[in-house]
Amino acid sequence: MTTTASPGSGDLVAGPGASTAPGVRVRDLTVVYKTPLGELPALGGVSLTIEPGTITGIVGESGSGKSTLALSLLNAVQSPGRVKSGSVEIDGLGDVLELAGNDLREARGRHLGYVFQAAQNSLNPLKTVGKQLLDLGRSHGVEDQRALVRDAKELLERMGLDGARVLDSHQHELSGGMRQRVGIMLALVLNAQLVILDEPTTALDMITQATILRIVREVHKERGLTTLLVTHDIGVAAEVTDHLAVMYGGRVVEHGPTMQVLGSPSHPYTRGLIRAIPRLSGDTAEAQALPGRPPTLGTLPTRGCVFRERCPLRMDICETVDPLPLSHDDRIVACHAVERSNSTAEHEEYA
Amino acid sequence: MITGTGITKTYKQRGNVLGARDVQALRGVDFAIENGGAVSFIGESGCGKTTLGRIIAGLETYDSGEIVIDGTPMSSLRHRRRQPYFRKIQLIHQDPYSALNPTRTIHQTLQAPLTLRARQTGRSKGWVDDRAEELLSLVGIDPGYVLGRYPHQLSGGMRQRVVIARALTVDPEMLVADESVSMIDVSMRLSILALLKDLRERLGVSVLFITHDIATARYIGDEGELYVLYRGQVVERGLTETVISGPTHPYTQSLLSAIPVLHGLEQPGPERVVPTEALDERHADGGCLFARRCPFRTERCEIELPSLVRGAEASHEHACFHPQRRSVIPVEAVA
C-alpha cells in the first residue's frame, strides 16, 4: 500500500478548528496504588516538560510507571490507583487533574486523543466502526455528523485504507494493523492536538509495525500535533520520536533529544538498556543483559535511588538519597554519579 | 539429527458466513537440524513457523512429508512408538505466565517428570531432589530461593528459566523455543538468549528458535542457520549472519528493513525495501507467493512458483527468480 500524501492533503485533513500543538507540564506527580501492603507509589514525584509540537517517546520496562503516567495525562487513573499529589498542566486546558464530569469528557477527545494498546480491545465488537464514530460524535455534541464521517473517511484514506469499507466493518473484519489505524482515526477525528499512543505496535507484525510508525510520524507532522508514544520497545521509540523520556521504578531517569539519549546515554540504566538490545549488526558478544530485574511496586526501595540494586556506578549516597532530576545541556538526568561527573567537568572548564 | 522433507499441513476451516477456506500452513518445507546445532525459523504471524515447531515437537500432525529423527523415519512407527523420539524434543512456550501450573510449587513442577525419569533409569528418590537443584542452578537461578515458591511469586524471566529447567528434566536433545523471549522485559531478554546459547555449548542440546524478531536469532550462538518462512514456504535459508547481512529474497529484505533504526546509534540501510501492499492471505496462489507485494516482480513471478535453489554461496538458498543482495540493515552511525 502506498501512503505517500499528495501535496496539500495535509492541510485538507487538518480541517477547521485545528489549533496549535499544546505543551505539557507534569509537576511532582505521585500516583499510588492501594495494595494489602499499604499505598505503594507507581509514580514517585514525576516532573516532565513536553515541548509543543514534539513527538516524545516514553520508554520503560513493565512496572516503570509509563502507562500510569499516560493515563494521568487524561486524568484517567482508576481505583485502586489514586493521584496523591502533583499537577498536569496542558496548554489550553489548565490542570487536567482538576477537571471532572463534563469538562473532563470534553477534554478527552476534543483536546486529548488516546490510542489504546492493540485497538482490538478498545473497539466494540458488536458495532461497526461507523456506528462507534457516530457514538463518539454524539457524546461530544458534534452537530454536523456528516462532516464527522467525512473527516473520518479522509483520515482513514490518508492512512492507506478504504474509508467507506472500514466504516462499514465490524472489528473482526479488520486486521490488527487496520484496527490500530482505526484507533488513531478515532483519537484524531475530533481534532485533538495532544495524542497519546499506548504501545501502538505491540502484537503487530514487523512490516505492519513499520507502516504504523510511518503513519504516526507523518500524521504528527501534517497535523502539527504534540505526540506521546508510550512503549517498552526502545527501537520503536527510536524510529519515530524526537525526544525520549526513559522511566524506571516510577521515575523519569533521563529525558532529552532522542539522538543524544541513544547516541550518548547518560544514566546508567539507559546505558545498560541500550546495551541489552539484540541488534542486527555489531558484535553479539558486546551485548549484555542488565543484571537483576526491574522492581515491582512491592520491591521498590522506599528511600534512595530506585536503580541502585542494578547499578554499576552505585555510591554510598545512592542508598539514602533519591537523586533529583537535574538538567545539563538539553538533557535531564536523575543520577548521583552523573551529577558528580558533570560538576567535576564543569569545574575543570572554569579552572 | 532431525530432518524433514516436504512437510505440508493444511488447516481446514468449516464453512461459516464468510465461506469455507482452507489455510495452507506449510507448503512442502524441508529442514535439517544437526545435533547441537542452532536453527531459527523467522517470519510474521501466520507464516507457519509455530505450526512447524509444533510438528517437530510431535504436538501436531502433518498431512504429507517425512520427519526422520536420528535415522528413524517417523512414518515407519506407530503413534506410541514415536513417543520416545519426540520426548527428546522439548517445547518451551512463549508465555512463561501460563506455561506453569499456578497451584504447584516449583519443586512440585520439577518433581513429577524427574520421578518418572528416576523410575525409568532405576535411580533413587534422593536423586530427584539433587537433580532438581542441579537443573535450577544450570539455568541460573538459586534453587533455595525458588524451589518452595509458586509461579506467581517469580518474575517473567525467572519463570522462563523454570520452564527451561522443566524441559531439561527429560534430558532432551533439542529445545524448541517458540517466541521464548518476546514476553520478557527488554533488559533481561539477552540473559535468556545467553542461557540457550550456554545450554547448547555445555550440554550439546540443539536449539530450534522460532521468532518474528530476527535480531534475537543472532544471539543463539555461532554457526546458526536461518530459515525465512512466508505463507508456509521457506523463501530463504542460510547461515544466520550471511542472511542478515546479505539477504537476497525481497521478503527477507522487507522484514529486515522493517526493523526500527536506533537513530543516534545507527543509520538506516541504504537499500531498504518496503512491500507494495499489505499481506492478504486471500491472494491467489498462482505464482510466487510474495509477488503481489514485491516491488521487483515481473510477469514470470505471477505465473510460476519459484522453488528454493542454491545462491551464490553453497549454503545460502533462496526462492526467487530475481535474487539480488541488498544492504537493508542499519549501519553504525559515525560519530
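In which kind of crossing, left-handed or right-handed, does α4(A) pass α5(A)? Point 3 gives the reply.

1. This is a predicted model, in which local features need pLDDT of at least 70 and side-chain atom pairs count only at pLDDT 80 or more, while totals for chains, interfaces and linings use all residues. Residues are numbered from 1 along each chain as its sequence is written, with chains lettered from A and ligands numbered from 1 in the order in which they are written.

2. Chain A has 13 helices and twelve strands (DSSP runs numbered from the N terminus: H or I of at least four residues for helices, E of at least two for strands). Its C-alpha trace spans about 65 × 45 × 40 Å along the principal axes. Of the 351 residues in chain A, 48% are buried (20 or more other C-beta atoms, placed from the backbone, lie within 10 Å of the residue's own).

3. Helix α4 (residues 129-139) and helix α5 (residues 145-158), both of chain A, pack at about 130°, their axes 10 Å apart (axes are lines fitted to C-alpha atoms over the stretch in contact, and angles run from 0 to 180 degrees between N-to-C directions). The crossing of α4(A) with α5(A) is right-handed (the near helix is turned clockwise from the far one by less than a right angle).

4. On α4(A), the contact is made by A:Leu133, A:Leu134 and A:Gly137; on α5(A), by A:Gln145, A:Leu148, A:Val149 and A:Ala152 (residues are in contact if their C-beta atoms, placed from the backbone, lie within 7 Å).

Terms used:
Two residues are in contact if their C-beta atoms, placed from the backbone, lie within 7 Å. A residue is buried if 20 or more other C-beta atoms lie within 10 Å of its own, exposed if 12 or fewer, and partly exposed in between; C-beta atoms are placed from the backbone.
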